[in-house]
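This briefing sets out the main features of the structure shown below.

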Amino acid sequence: MRRRLSVAPAALALAVASGCAVGPGGGAAADDGAGTTLTVYAAASLTATFEQIGQEFEATHDGVEVTLSFAGSSDLAAQIQEGAPADVFASADEANMAKVADDGLAGAGPVAFASNTLEIAVPAGNPAGIEDLDDLTGDGVNLVVCAPEVPCGAATQEVAAAGGVALAPVSEERSVTDVLAKVTTGEADAGLVYVTDVAGAGAAVEGIELPESSSAVNVYPIAPVAGSTHADLAQEFVDLVLAETGQSLLRDAGFAPAP
Amino acid sequence: MAAAPSRVGVPTWIFVPAVAGAVFVLLPLAAIVLRTPWGRFLDLLVSPASTEALLLSLRTSGTSTLLCILFGVPMAVVLARTSFRGQGILRSLVLLPLVLPPVVGGIALLYTFGRRGLLGEAFEVLGVQIAFSTTAVVLAQTFVALPFLVVSLEGSLRSAGQRYEVVAATLGASPTTVFRRVTLPLVLPGLVSGAVLAFARSLGEFGATITFAGSLQGVTRTLPLEIYLRRETDAQAAVALSLVLVMVAILVIGFARQGRTSL
């Protein structure tokens, strides 16, 4: 019988090791009684901008704390559909906002507040000498793109079609941040990411503008979530994003205005 | 098997948390079964993306299990049968992937075998690119699965003791003969359960693979990665594929139990 015991530590470790699966934070922090917490669900590409907008909002609203939850738009939409306590939803594409709106969960109706287009990202120094879309199909070029199933991958396909090239990526990632990571580490010679991703990545990557990208403009909609207990505050947050304060911060991050 | 020891009863109250724990483990499995789109189940399974992902998973997990046996058995023997300075520390370090978040393992592998990694340039010179290849998937799986085999086998080696090995040696058997004819047969059940654990861990590997190997159908997109991607557009398909992994896992455990009782 002793032999069986020997498996126990390994089995226990198995449980520990696999316990770190993907788990969204989900619930917002509880109100501490005195203050009010406004929970904003925003697409991952909005992280830096919305943190600043959140601070602006807190500065002008005494006793209000803005809690931000960043993830892929489809994850956020799924969480809101399953009843997550979000007050505001800012999506990186119209399809995921439509999912939430179709369930009657987008309060006052979504408003477009920014747009984003694709760009070629290459590691600093551009080791593979990429200059345009055609170069991405060259022999020995490690190209990484988003999978067609996700919004940035759908945009990639449209851009490739517009440029009349057949891309042969070595990897199709699930998120644009995964694509960017492959480029910043130098594993990939080139990746197709959003203009804002290149702007936010600093010196590790260089961006190459894509004339073809105008055929796939990604529009970002925002809406207060229906059933929010802070409907007024949620609307005020949306207004701040649409006002000059929010728009100038978005411009700084590389976003183009909403069409 | 020897006569069972006379049983000492367990306190009745202990069944309450025990059952609660079992329900906690089994309920999510039931939830997957309930959410599975049975009408489309077969169609989803035979789609090229699914079958390629499943076959890739089985192929890479099989390969990494073989690598685990190849390197893990000698490691376990050295840890269990010898003693040297710093052995305790070495054991802890070697077993580190057991408790390391897989994504950290993926980053570590990236900085070792990646194009700009420690060994990356050497491979580049040889014309070998590991990044974005099936080899990268196998490396990631072996990295996370190896400690499972080592821990399991080292435990078996220690509890088996050295009595028979000593006798064989005094009868004139060389160390290699002792290892082959006495040690290995003695710990075979431990080796089997260790290998099964390593296979199961390889099959479920996600974090290190997505960080290090990338994701391309038929090359690096194993079943867990396919499930993760499929959730984006077709949640039902993701559930169906999850159920496949659950069934494979149940088969693996069943096989391990079979192996242990028959050996």
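Helices and strands are DSSP runs, helices (H or I) of at least four residues and strands (E) of at least two, numbered from the N terminus. On that basis, A:N126 lies in the loop between β5 (118-123) and β6 (143-146) of chain A. The model is predicted. Chain A has nine helices and ten strands, whereas chain B has 13 helices and zero strands.

**Chain A: overall organisation**

- Buried residues account for 46% of the 259 residues of chain A.
- Of the contacts in chain A between residues at least 6 apart in sequence, 77% join residues at least 24 apart.
- Chain A is divided into domain 1, which covers 35-115 + 219-252, and domain 2, which covers 118-215.
- The C-alpha centres of domain 1 and domain 2 of chain A are 28 Å apart.
- Contact between these domains of chain A involves seven residues of domain 1 and eight residues of domain 2.
- On the domain 1 side of this contact in chain A, four residues are nonpolar, two are polar and one is charged.

**Chain A: A:R174 and helix α6**

- A:R174 is located in the loop between β7 (171-173) and α6 (176-184) of chain A.
- Is A:R174 buried or exposed? A residue is buried if 20 or more other C-beta atoms lie within 10 Å of its own; A:R174 has 23 C-beta neighbours inside 10 Å and therefore counts as buried.
- Apart from neighbours within four places in sequence, A:R174 contacts A:A147 and A:V150 in chain A, and B:S215, B:Y228, B:L229 and B:E232 in chain B.
- A:R174 and A:G72 are separated by 102 residues in sequence, yet their C-alpha atoms are 9.4 Å apart in space.
- Within α6(A), the buried residues include A:V176, A:D178, A:V179, A:L180, A:K182 and A:V183.
- After α6(A) comes A:G186, with a positive phi near 80 degrees.

**Chain B: overall organisation**

- Read along the sequence, chain B follows the pattern α-α-α-α-α-α-α-α-α-α-α-α-α.
- The C-alpha trace of chain B spans about 65 × 65 × 30 Å along its principal axes.
- Of the 263 residues in chain B, 40% are buried.
- Among contacts in chain B with a separation of 6 or more, 78% are between residues 24 or more positions apart.

**Chain B: packing of α3 against α10**

- Two packed helices are described by the angle between their axes and the distance between the axes.
- In chain B, helix α3 (residues 48-81) packs with helix α10 (residues 188-204) at an angle of about 140 degrees, and their axes are 9 Å apart.
- α3(B) and α10(B) are therefore oblique to each other, and α3(B) passes α10(B) in a right-handed crossing.
- From α3(B), the contact is made by B:S57, B:T60, B:S61, B:S64, B:T65, B:C68, B:I69 and B:V73; from α10(B), by B:L191, B:A195, B:A198, B:F199, B:S202 and B:L203.
- The contact of α3(B) with α10(B) has eight nonpolar residues, six polar residues and no charged residues.

- Most residues other than glycine have a negative phi.
- A:N126 has a positive phi near 45 degrees; with 16 C-beta neighbours inside 10 Å, A:N126 counts as partly exposed.
- B:F132 has a positive phi near 65 degrees and is found in the loop between α6 (120-125) and α7 (134-160) of chain B.
- B:F132 counts as buried because 25 C-beta neighbours lie inside 10 Å.

How values were computed: Residues numbered from 1 in each chain as written. Chains lettered and ligands numbered in written order. Predicted model: local features only at pLDDT ≥ 70, side-chain atom pairs only at ≥ 80, totals over all residues. Domains from an automatic or database assignment. Contact = placed C-beta atoms within 7 Å. Nonpolar A, V, L, I, M, F, W, Y, C, P; charged D, E, K, R; others polar. Buried ≥ 20, exposed ≤ 12 C-beta atoms within 10 Å, placed from the backbone. Axes fitted to C-alpha atoms, helices over the stretch in contact; angles between N-to-C directions. Parallel < 35°, antiparallel > 145°, perpendicular 65-115°, else oblique. Left-handed = near helix turned anticlockwise from the far one by under 90°.
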